[in-house]
Each structure stands twice: as C-alpha cells, then as structure tokens.
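Hello,

Here is the structure you were waiting for. Please open it first; my notes follow below.

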Amino acid sequence: MNLQELGWDSFFEKHFNPYKEKDFLPARIAVKQGNVYVVYSELGELAGKVTGRFKHNARSQSDFPTVGDWVAVKGNPRTQRMTIHGVLPRRTKFSRKMVSTEGRIVEEQVISANIDIVFLIVGLDADFNIRRIERYLTIVQGSGARVVIILNKTDLCDSADECIKEVEAVAPGTPIHAVCALKRDTLEPLLTYVVPGETVTLVGSSGVGKSTIINTILGTERQKVGAVREKDGRGRHITAKRELIILPAGGIVIDNPGMRSVPLWGDQKGLEETFDDIVELTRQCKFTDCQHRTEPGCAIKRALEDGTLDKDRYNNYLRLQRELRILAIKRERRARAR
Ligand SMILES: Nc1nc2c(ncn2[C@@H]2O[C@H](COP(=O)(O)OP(=O)(O)OP(=O)(O)O)[C@@H](O)[C@H]2O)c(=O)[nH]1
Ligand SMILES: [Zn+2]
C-alpha cells in the first residue's frame, strides 16, 4: 500500500514532520470498533489502540481518531500490531451532535475525517424533496468537502429533467448527475470523481440507493469486501467491516454507519454557503440590523412578495438557522462547563 493511494499529500506530510524524527509511521484509519482500530500503512494492515498517554491527554471524544483520520503509529510488521500516538489535523470532518439525557450538553463526535468529495444521493422517487436537499447541503458544505449531487432512480421518475432544474436552482454551480444505480453505465460519470488519492463518501436518506451505488462501483458486494477479523484487548475476536475501501482502480470510498444518518451539526458557514442568495438579499436591506419583519426597505420582504425568493426556501432557511443557533448555545454552555 503506498501512501498516495491512501490519500496522503503535502498537507499531511507537513503535519507529520514532528513525528518523522521519532520513527513513527503514518497510517490511515480504516476501521474503528470500540477502542480497537485497524489502519492502512506502508506495512500493510495493522491493528491496535491508542497509547495510554494519548488517552490521558485527550480532552474530548473528538480528539480520538476516527475513520479517515491520518495517525502517527508505531507498528510491528511481524505481528501486524500497532499503537497510535497522535492524530494529524483534519482537513475536513463530519461530526454528529450528542445530546445528554437532560437534552442539554452536547459533545462533538467526529464520524469521518479527510473526505474530499461528498456524493449527496437523492432519490427521484417519493423521497424527492428540495427542502431536504437544502438541509443536507447545509451540513455537507460546512464540512469543507466538495459536493456532487446524485439524483438516483431515474427509472422511477417521469420528470427527471424538471427535478434537475429544481435542484440546480437551489445548488447553483454544484455538479448534478442523474443516474440509475441498477444500470452500471449511468454511473460512469461518477467514476471521474473517484480517482487515486481522492476520498469520497456517500450521504443521503435511507433507501436512496447508497449501497446499490457502492456495490455497482465496486463491481462486487460491499458486504463481501469489508470483513476483517481482529482480536480486541482481551483476545476476543471482533468482526468489523472495513469502512475505508480502496477501489481496484484507485480512489477511496468511506462508507460507515454514522455517515449514513448525519444529523445537523454544521455551522453558520454551511448555512451561508447553501443560502448565499438570502445572505446577499439581507445585505440589501435598508437597515443593517433588519429583522425582515415590518421594517421599511427590507429586501427579503420585497423578494418574497415579488416571488424572486421562494417562501418555502426562506422558511427552511429560518428553521435551519434556528437549529444551528440552539446548537451553538448548547455548545457554548458545554465549553463553559469544562
Ligand atoms: N428502481 C430502482 N431501485 C433502486 C435504484 N437504486 C437503488 N434501488 C433500490 O432501492 C432500495 C434501497 O437501496 P439501498 O442501496 O439499500 O439504499 P441505501 O441508501 O443504501 O439505504 P440505507 O442502507 O438504509 O441507508 C433497494 O431495494 C435497491 O434495489 C434505482 O436506480 N432504481
Ligand atoms: Zn430585511
């Protein structure tokens, strides 16, 4: 396994420098199951845990390695064991929020790291919903990864062209592909994104066809590709599916359960990018602190009235903004409680 194939580049190289002098090895997390990790490295596949010192120094869950992370390890090629000593900075990350039983404290749990491209999968069947696409875009665009929208199940839709236009309207500049996962040739355009060194993941609601697309791209059943058997700390066998998959033709796919149901975490950035038309309008309001309710010279109100801004889109924006604000308050509270 060479590092470039695994997605290694100058960004990680630079951050690995402090480890270089001490005989550490760069490796990428392929599986995390409990506290046992499987990594890919120049020594092949290695399994192990973080060191006691790492654990001691970790301040929160998000400090621990996650699938897609680059880590500094000490490895033994003979036993195929390793220990993890550090996590390199993440270029991009997907997180989920964790709410306490009282519904208050939240903690960030990083689901996957260093993803370059997100395939946002949408079903063209009954699942098709523009507001849900906006929600996903808000999450995904906050992650730092590039987004490609994939409209699946063209065979179940008579008006694919209209759907594409609707999506184009809420995601200008974002590549959009209409496919049928059951027909391999329609997926060809997607392969141009899955190239050596690039890390791709698939997100989208349940049943939109993520597994079907992965299986078709892999050319084999995902379930059969995955399994690794490792011993955990007590010598028990664990069977885990590889969540970071290197495709035969190069290219890396991350497919883990967490990514399959990303709830809203994100930040203001994703929201502003997704709704940049609304952000632009608010700049045109007469008052800089305009609440867009009854103020004179409100560009939002004007756009809603003359129909240039869709009412449902605006309401969706407000809803997502509210959710993110509540989240920010909870986050702050937690930070203060530390
Ligand atoms: N007609 C049609 N059915 C499809 C297409 N793609 C997927 N399906 C079917 O849709 C169902 C759900 O597909 P999956 O690939 O399991 O969906 P998923 O997104 O992985 O779902 P989760 O695992 O729940 O997240 C399966 O029965 C697929 O055969 C398509 O392009 N056309
Ligand atoms: Zn206004």
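Which residue lies over the face of Phe24? Lys74 does, at 4.2 Å from the ring centre. Please keep in mind that this is a predicted model.

Aromatic rings

Phe24 also belongs to a cluster, in which ring pairs link Trp8, Phe11, Phe12, Phe16, Tyr19, Phe24 and Trp70. Counting ring pairs whose centres lie within 6.5 Å, the model has 11 aromatic pairs. One of them joins Phe11 and Phe12: their ring centres are 5.0 Å apart and their planes stand at 85°, so this pair is edge-to-face. The cut-off behind that label is an angle over 60 degrees. Phe11 is partly exposed, with 23% relative accessible area, while Phe12 has 2% and counts as buried.

Phe12 also pairs with Trp70. Here the ring centres are 6.0 Å apart and the planes are at 40°, so the pair is tilted. Phe12 sits in helix H1 (residues 10-20) and Trp70 in strand S4, so this pair ties together parts that lie 58 residues apart in sequence. Both Phe12 and Trp70 are buried.

The zinc site

Which atoms hold the zinc ion (ligand 2)? Its protein donors are SG of Cys285, SG of Cys290, ND1 of His292 and SG of Cys298, at 2.1 to 2.4 Å from the ion. The angles among these four donor atoms run from 103 to 116°, and the site is tetrahedral. Along the chain, the donors of the zinc ion (ligand 2) follow the spacing C-x4-C-x1-H-x5-C.

Two backbone angles to look at

Most residues other than glycine have a negative phi. Two residues are worth checking against that. Gln80 is not a glycine, yet it has a positive phi of about 60°. Gln80 is in the loop between strand S4 (70-76) and strand S5 (81-87). Asn114, also not a glycine, has a positive phi of about 60°. Asn114 is found in the loop between strand S7 (106-113) and strand S8 (117-123).

Asn114 is at 5% relative accessibility, so it counts as buried. The cut-off for buried is under 20%.

Regards

Notes: Residues are numbered from 1 along each chain as its sequence is written. Chains are lettered from A and ligands numbered from 1 in the order in which they are written. This is a predicted model: local features need pLDDT of at least 70, side-chain atom pairs count only at pLDDT 80 or more; totals for chains, interfaces and linings use all residues. Side-chain values use heavy atoms; hydrogens and water are left out. Helices (H or I, at least four residues) and strands (E, at least two) are DSSP runs, numbered from the N terminus. Buried means under 20% relative accessible area, exposed over 50%, partly exposed in between (1.4 Å probe, protein chains only). Donors are N, O and S atoms within 2.8 Å of the metal (3.2 Å for Na, K and Ca); water is not among the atoms, so sites may look incomplete. Four donors count as tetrahedral if all angles lie between 85 and 135 degrees; four count as square planar and six as octahedral if opposite donors are over 155 degrees apart and all others between 65 and 115; anything else is irregular. Rings of Phe, Tyr and Trp (its six-membered ring) pair if their centres lie within 6.5 Å; planes under 30 degrees apart count as stacked, over 60 as edge-to-face and the rest as tilted. A charge sits over a ring if NZ of Lys or CZ of Arg is within 6 Å of the ring centre and within 35 degrees of the ring normal.
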